[in-house]
Amino acid sequence: MEKIWLNRYQQQVPAEINSDIYQSLDRLFTEACEKFHSLPALSFFQQTISYEQWADLSRSLAAYLQQQLKLSKGTKVALMLPNCPQYMISIFAILRAGLVVTNVNPFYTLPEFVQQVDHSQAELLIILSNFLPNVIQSLTKTRIKYVITTHLGDMLTWPRSWLINISADWLIKNQKQKNSAVHPIDFLAAIKMGRKLTLSTIVTKREDLAFLQYTGGTTGVPKGAMLTHRNMLANIEQLTAWVRPILCEGQETFITALPLYHIFSLMVNGLMCVRLGGKNCLIPDARNIKQLIQVLANTPFSTLLGVNTLFKALLRHRTFTKLDFSSLKIALGGGAPIQSTVKICWKQITGKLLLEGYGLTEASPVVCAPPWDLVVAGDHVGLPLPSTDIRLCDDKKNEVKIGEIGELWVKGPQVMRNYWMQAADVEYELTPDGWLLTGDLARIDQQGFVFIVGRKKELILVSGFNVYPEEVEHVIQQNPKVKEVAVIGVPSNKTGEAIKAFVVRADESLTAEELLDYCRSALTAYKLPHDITFLNHLPKSMLGKVLKKDLH
């Protein structure tokens with residue numbers, strides 16, 4: 001389709017970017033560390049590591065992986081770490097050694113861990129020592145040859161390191177298990193040994209694999225998106241160009257509350273932050289809201305990423321409302337829709353807009369982002385990024401008109417190469433000419449703003465009429481007695497499918513009849529819930545995305 005959104009771009013944002021500025025991610029990192037060498041790069045429990053120190057630490061670990069462990073180019077390395085300096089050191093050590101990163105959610109069940117690590121063919125696992133007892137017995141079911149362990153406070157000075165490690169041991173209580181076949185390597189010992197080794201130059205091509213990023217999508221079966229150096233570099237350049245009107249090199253502080261093993265946080269806070277020479281404040285557990293607010297109180301922060309549940313949790317705390325938000329430039333949500341009530345409350349308390357973007361793992365991940373000159377937040381996810389094409393298509397793969405709903409197709413240098421070793425049951429289709437069929441239903445307005453309507457697979461067909469769950473959820477959510485809601489379609493002998501709403505009450509006096517009466521004022525008859533079920537909570541992922549596949 002015609003790129004109508006270009007006319008709405010801010011003046012400093014180009015229509016196209018050069019995704020070939022850098023040969024590889026490790027080259028970008030090396031040049032950033034040279035350029036910003038004296039600036040603080042990583043902040044963790046009020047202690048900082050400069051770009052120069054970060055470069056030295058990652059080089060030492062890279063040399064150890066290459067020379068001591070003899071890992072050859074392209075070998076997969078599984079990272080199972082929370083947000084901490086060791087994660088960021090490991091990422092660039094792996095890339096500098098010519099290896100491939102595969103992130104593993106530390107909260108995976110044992111079967112999920114085995115499935116991903118085995119499927120990825122990873123040979124090295126870098127893991128927080130507290131997590132190792134959970135998985136040590138299952139390593140024989142994978143191709144893991146080496147294990148490097150680290151304690152949460154390893155990069156801190158004493159006595160803070162001791163206090164953090166004791167706290168982590170108390171919070172993460174795992175039964176100690178031993179496996180005589182596994183001899184973990186200490187992270188700090190590996191760096192110490194690596195300092196004495198020479199890192200051989202590895203020729204990395206832009207099309208070489210950088211990340212094997214797994215996503216469960218909506219099918220529930222994890223699939224590895226093959227993200228090349230060029231894919232990731234392109235998205236970094238797209239985002240860097242997009243934030244130029246508002247962020248400045250070497251002057252910004254990013255709060256990394258979302259886990260870095262998630263692609264959204266990895267791209268913006270883990271990678272784009274490096275490109276800008278920003279300071280990355282690492283939060284190991286954002287569920288500890290009091291600790292997060294304490295960091296915010298002590299840090300003039302300019303960028304905060306989050307999800308709906310995180311923003312809601314912050315707004316509930318009185319101490320958060322008293323913070324200084326004068327330096328805040330970007331508050332951005334992703335992963336799941338931000339409730340309009342949360343956006344309104346955020347603006348009232350902070351004086352700043354809470355905006356949303358759109359992306360998916362298969363696109364490295366960002367596809368759309370909001371311009372920073374908006375007066376109101378709105379319900380859109382912004383505009384397509386530079387060098388990004390989109391189209392909205394019907395079931396016959398014909399483009400729909402502006403304002404009409406269709407499946408969102410994406411094309412651009414950030415779109416993945418393919419799925420790793422995936423023969424069937426792929427989540428998203430890739431056409432021969434490079435279009436990624438996202439499975440998301442959307443519409444676009446005359447200015448080019450994109451509105452996500454719902455998932456194609458979640459569309460409910462009631463007596464031949466299309467019902468979008470998000471529309472029904474939006475209406476129900478406006479009821480002040482409702483805390484959260486999720487809507488799905490269930491089989492019906494009468495209408496083919498019927499609408500079922502799962503509701504978490506904010507007020508226990510709310511009844512199904514009262515809520516149904518409320519819906520009648522805003523929804524036509526075929527969009528009304530056939531069944532309303534009250535729950536104590538909705539099943540969610542670690543990022544707060546409702547797991548509708550677990551609702552019945």
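**Figure 1. The Ser364–Pro365 peptide bond.** Proline 365 sits in the loop that runs between strand S15 (358–359) and strand S16 (366–369). Helices (H or I, at least four residues) and strands (E, at least two) are DSSP runs, numbered from the N terminus. The bond from serine 364 to proline 365 is cis, with omega near 5°. This is a predicted model, in which local features need pLDDT of at least 70 and side-chain atom pairs count only at pLDDT 80 or more, while totals for chains, interfaces and linings use all residues. Residues are numbered from 1 along each chain as its sequence is written, and side-chain values use heavy atoms, with hydrogens and water left out.

**Figure 2. The Trp158–Pro159 peptide bond.** A cis peptide bond leads from tryptophan 158 to proline 159, with omega near 10°. Proline 159 belongs to the loop between strand S6 (146–150) and helix H6 (160–171).

**Figure 3. Backbone at Phe45.** Phenylalanine 45, a residue other than glycine, has a positive phi, near 50°.

**Figure 4. The Arg206–Asp20 salt bridge.** Arginine 206 and aspartate 20 form a salt bridge (a side-chain nitrogen of Lys or Arg within 4 Å of a carboxyl oxygen of Asp or Glu). Their closest N and O atoms are 3.5 Å apart. The pair links distant parts of the chain, 186 residues apart: arginine 206 is in the loop between helix H7 (187–194) and strand S8 (209–215), and aspartate 20 is in the segment before helix H1 (25–35). The structure holds 29 salt bridges.

Figure 5. The domain assignment, automatic or from a database, gives domain 1 (4–12 + 232–456), domain 2 (25–157 + 175–204) and domain 3 (459–550). The C-alpha centres of domain 1 and domain 2 are 27 Å apart. Contact (heavy atoms within 4.5 Å) involves 32 residues of domain 1 and 36 residues of domain 2. The two domains bury about 2,600 Å² between them, 66% of it on carbon and sulfur atoms. On the domain 1 side, Tyr261, Val274 and Leu282 lose the most area to domain 2, together 28% of what that side buries. Buried area is the accessible area (1.4 Å probe) that two parts lose on being put together, summed over both.

Figure 6. One salt bridge is found across the interface of domain 1 and domain 2. The side chains of glutamate 249 and lysine 35 meet in a salt bridge, 2.8 Å from N to O. Helix H8 (229–243), helix H9 (263–275), strand S11 (279–282) and helix H10 (289–298) each give two or more residues to the side of domain 1 that touches domain 2. The largest share of that side, 6 residues, comes from H9.
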